[in-house]
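Subject: Handing over a structure

Hi,

Please have the viewer open while you read.

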Amino acid sequence: MINLLPFTRTALLIEGDALLIVSVRSTFTGTSSRTHERIEGFLTEPLDAIRAKGRAIEKTISDDVVLVVPASWCASRPVPMTTQGWHAKREARDELVEAYFPFGAREAIVGLLEFTPAGASETQGSLFVASSSQVGAWRERIEQVFSARIGEVLPSTMCTAGLGLQRHERALVLERDGRELATSYAWGRPSAVAEPFDEDEARDAELYVVGRIDESTRGARQVTPEQLAVGACLLPYVPGVRYRALGDAGKPRLDRRVPLAAAVTLLAVAGVLGSSALSDARARAGQERVEQQMAAHENELGDVQQLRDETTRLASSLDQIAQTTGQWSSVLPELEQALGVVPLDGFAHRIELTPGRVTITGESAKSLAVLESLENTPAFESARQTGTVSRSPRELETFSLQARRATTNGGVE
Amino acid sequence: MSPRRKLLLGVLAALIAIVLLDKLVLTGQANAANGDGTSPQEIYRARAALLDRQRALIDQRDEWQLANSRALEEWEALAEKLIVAQSVEIAEGELRERLVTIAMEMGLPRPDARALTPIVPDEASPIRVIRYNLLLSTENWESAFALIDRIETDPSTIANITEVMLDGPGLPQFETELTISLTVQAIALVESQRGRDAS
């Protein structure tokens, strides 16, 4: 059984003229039951005597009290009805009661067991009807003895669903209380409710008997009143079963799973929002500490930052100057080499040295020799004539040569 | 589907909706209240990281002190050779004065000088390469070479000659009038008064 929240429920089971009081307590670690008392002559003994017995166990009774009435008090019948919209089906229920049950609609208190047999997809309903005056007498006496109010009245047949028969492929619970009524279970889920007992059918099933075991039910397992009371307490948590207790004709009973789910949801919401808020608060507190520490070393940091910025600025300027002047070199060696290509018997009229090239204009006995000399100078390359070679008034060959500088000395072309 | 399963799925859907609401709406609104849409956690992490960097910088005080001393020493040696001026134009004028002085000191005629477009290695830096073209006449080529040498080795300036033009008949065999054209570049430190006040 899956149970998300703990609960304590007390079942008051009517057995003849006795009242059996059993509580079931479920926690996260497990479920336990405790039989508090069996009060004989509950309805017949003097009220004071019963009160004296009741007072001793009153504190052990939970707020959630269910009264279990014998199967013989109830009539039942399969009906095409479910618990959904139960409170709105009053008229339909009254018509069914008038038509099929030995109670007048005004006298009857009606309940419904809705179940989905194992492997089936459609739900079935079984209507239970009991006499309100018969139940009312016990209800009134109970409320006189105990301060607790009865929350639900359940027929014992409904309570057999809480016996925990899930381990049997087929089980049959026979209730012998004047009549013999059998309720069939498949893997713990009802498949037929309060049917006449069929011995042949019982052979294929695990048989449980509420009441005496005789020759016809030899080998069956006895269901004690205490077990039946425990079943009443666990009924809301049986899978595949929904129900309306006898007399539950007004507002629909709040499904016990709804507050459970609401509580879980609220806890989850609180957890999510709480963790978020807590995380935000911790972050803000941490930020505050950080700001305090920053403020504490503000002056020291300012000094170092200033030192760093000044050093970085100086280093940057030094680096820039070094990069700019890295290629700078004297122009004199190349100028001397350029002049050196003109032989002593020649004349240089113009020498121009730019960052990329050298241009020499002049005259010589052999201009080709000057061109070869320029080409062979390490500082220059790709030497060529750029003008016409002609005869000068000195009977020399004029020349105009140009060559690329092998290296530059940092100028802009 | 069983009612219990429906219920659990419903609870799960509600939780997902709440988480999304918290993350997308509530947290977003809270973060928007911070001004720039960042969460307190993000701000805290950023500030903590900044604190770590600040502490690391403080721990490096000695290293920065040493580096600063070295840079200052190097800078002071270099600064003597820089043309320091409040504008490029003033620096160019200063360079012109220096070049003219050199020529005059060598007994050469006063040269004509024409400023060329300066080179800016980095706009953000105060370092500029200012350039000048000198034009003068001399009677012999030795004077031209001496002038070039003197400019390039001037201890008060970081200077360099990028272009030379020597124009004259029969150079160098005959002593005659030569026209000398030199393109000189020098390093200047241009720090405007306004910029210094601001810094």
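Residues are numbered from 1 along each chain as its sequence is written, while chains are lettered from A and ligands numbered from 1 in the order in which they are written.

First, confidence. The model scores ipTM 0.72 and pTM 0.47. Within chain B, helix α4 (residues 88-105) has the highest confidence, at a mean of 93, and helix α6 (residues 193-198) the lowest, at 42. Residues 193-199 of chain B have a pLDDT below 50, and beyond near neighbours in sequence this stretch has two contacts in the model. Contact here means that the C-beta atoms of two residues, placed from the backbone, lie within 7 Å. Where pLDDT is low, the predicted coordinates should not be read in detail.

Next, chain B as a whole. Six helices and five strands make up its elements, in the order α-α-α-β-α-β-β-α-β-β-α from the N terminus on. Helices (H or I, at least four residues) and strands (E, at least two) are DSSP runs, numbered from the N terminus. Of the 199 residues in chain B, 25% are buried, meaning that 20 or more other C-beta atoms, placed from the backbone, lie within 10 Å of their own.

How do the chains meet? In chain B, 58 residues are in contact with 58 residues of chain A. Elements giving two or more residues to this side of chain B include α1 (3-33), α2 (40-59) and β3 (127-138) of chain B. By class, the side has 36 nonpolar, 12 polar and 10 charged residues; Ala, Val, Leu, Ile, Met, Phe, Trp, Tyr, Cys and Pro count as nonpolar, Asp, Glu, Lys and Arg as charged, and the others, Gly among them, as polar.

Now to chain A. One open sheet has four strands in the order β5-β7-β6-β14 (chain A), with antiparallel pairing; strands pair if DSSP finds at least two bridges between them. Its edge strands are β5 (74-79) and β14 (241-244) of chain A. Eight bridges join β6 (residues 108-115) to β7 (residues 124-131) of chain A, and A:Ala108 has A:Ser131 as its bridge partner in β7(A). Helix α2 (residues 90-100) of chain A packs on this sheet, touching β5, β6 and β7 of chain A.

A further open sheet has five strands, ordered β11-β10-β9-β12-β13 (chain A), with mixed pairing. Three bridges join β12 (residues 206-210) of chain A to β13(A), and these two run parallel.

Finally, the cores. A nonpolar core is a set of buried Ala, Val, Leu, Ile, Met, Phe, Trp, Tyr and Cys residues joined through C-beta atoms within 7 Å. The largest has 75 residues, and A:Val68, A:Val129, A:Leu154, A:Ala229 and A:Ala232 touch the most other members. Beyond four places in sequence, contacts of A:Ala232 include A:Ala11, A:Val66 and A:Cys159. A second, separate core of 52 residues includes A:Leu335 and B:Ala103.

Best wishes

Notes
Predicted model: local features only at pLDDT ≥ 70, side-chain atom pairs only at ≥ 80, totals over all residues. pLDDT = per-residue confidence, 0-100. Axes fitted to C-alpha atoms, helices over the stretch in contact; angles between N-to-C directions. Buried ≥ 20, exposed ≤ 12 C-beta atoms within 10 Å, placed from the backbone.
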